[in-house]
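Subject: Structure handover

Hello,

Here is the structure for you to look at. Please open it first, then read the notes below.

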Amino acid sequence: MRKDRIIFVTKEDHETPSNAELVADDPNDPYEEHGLILPNGDINWNCPCLGGMASGPCGEQFKAAFSCFHYSKEDVKGSDCVGQFRAMQECMQKYPDLYPQEEEGEEEERPADPSQEAAASEASAAKEAAASS
């Protein structure tokens, strides 16, 4: 995996023309243009379709939950991942600015049973990921 590099520039740096060279995309780069699932079936954590969910303060919990769902062999796909999704949800609630919750009005429509709620979260996460891949 490649790491991002942060470069700070000054106002003076922006006043001179750029001498940056654009490098052609590497056709052998395993993360380039593959969408959510890589050709070998692994999850492409660098996919822009994940919206940065794999990084950030709850990235590890997201990866655990999404991996569990992706590789789940249960009859109800992901039904064995309730714990991972609950951990992800609990983490996200600690960072409401980064992970906005649903509006108050939607709260009434949700099931009271936490296991159903986690299953619904898994299903919607999977739908969103599948739709964007």
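Contact here means heavy atoms within 4.5 Å. Setting aside neighbours within four places in sequence, L50 is in contact with L36, N44, W45 and F62. Keep in mind that this is a predicted model.

Now the overall layout. The protein has five helices and zero strands. From the N terminus on, the elements run α-α-α-α-α. There are 133 residues in the protein, and 25% of them count as buried. Take the contacts between residues at least 6 apart in sequence: 48% of these join residues at least 24 apart.

Helix 2 covers residues 59-71, and helix 3 covers residues 82-93. They pack at an angle of about 155 degrees, and their axes are 8 Å apart. Angles over 145 degrees count as roughly antiparallel, so helix 2 is roughly antiparallel to helix 3. The crossing of these two helices is left-handed. Which residues of helix 2 and helix 3 make the contact? Helix 2 brings Q61, F62, A64, A65, C68 and F69. Helix 3 brings Q84, F85, A87, M88 and C91. Sorted by class, the contact has nine nonpolar, two polar and no charged residues.

Then the core. The largest nonpolar core has 17 residues. Six of its residues touch the most other members: W45, L50, F62, F66, F85 and M88. Helix 2 and helix 3 are the elements that give two or more residues to this core. Helix 2 gives the most, with five residues. Notice that L50 is back: it is on the list of core residues that touch the most other members, and its contacts include W45 and F62.

Is N44 buried or exposed? Buried means under 20% relative accessible area. N44 has 1%, so N44 is buried. N44 is also one of the contacts of L50. From N44 to A54 is 10 residues in sequence and 9.8 Å in space, C-alpha to C-alpha.

C58 is found in the loop between helix 1 and helix 2 too. C58 has a relative accessible area of 0%, so C58 is buried. Which residues does C58 contact, leaving aside its neighbours within four places in sequence? They are M53, C91, M92, Y95 and Y99. One of them, C91, is part of the contact between helix 2 and helix 3. C58 and L98 are 40 residues apart in sequence, yet 9.8 Å apart in space, C-alpha to C-alpha.

Move on to the loop between helix 2 and helix 3. S72 lies there. S72 is buried, with a relative accessible area of 8%. Not counting residues up to four places away in sequence, S72 touches K77, G78, S79 and D80.

Last, look at Q101. Q101 lies in the loop between helix 3 and helix 4 (104-107). Q101 is partly exposed, with a relative accessible area of 39%. Leaving aside neighbours within four places in sequence, Q101 is in contact with M92 and Q93. M92 is also among the contacts of C58. The C-alpha atoms of Q101 and Q89 are separated by 9.9 Å, and the two residues are 12 apart along the chain.

Best wishes

Definitions and conventions. Residues numbered from 1 in each chain as written. Predicted model: local features only at pLDDT ≥ 70, side-chain atom pairs only at ≥ 80, totals over all residues. Heavy atoms only, no water. Axes fitted to C-alpha atoms, helices over the stretch in contact; angles between N-to-C directions. Helix = DSSP H or I, 4+ residues; strand = E, 2+ residues; numbered from the N terminus. Parallel < 35°, antiparallel > 145°, perpendicular 65-115°, else oblique. Left-handed = near helix turned anticlockwise from the far one by under 90°. Nonpolar A, V, L, I, M, F, W, Y, C, P; charged D, E, K, R; others polar. Core = buried A, V, L, I, M, F, W, Y, C linked by side-chain atoms within 4.5 Å. Buried < 20%, exposed > 50% of the residue type's maximum accessible area, 1.4 Å probe, protein only.
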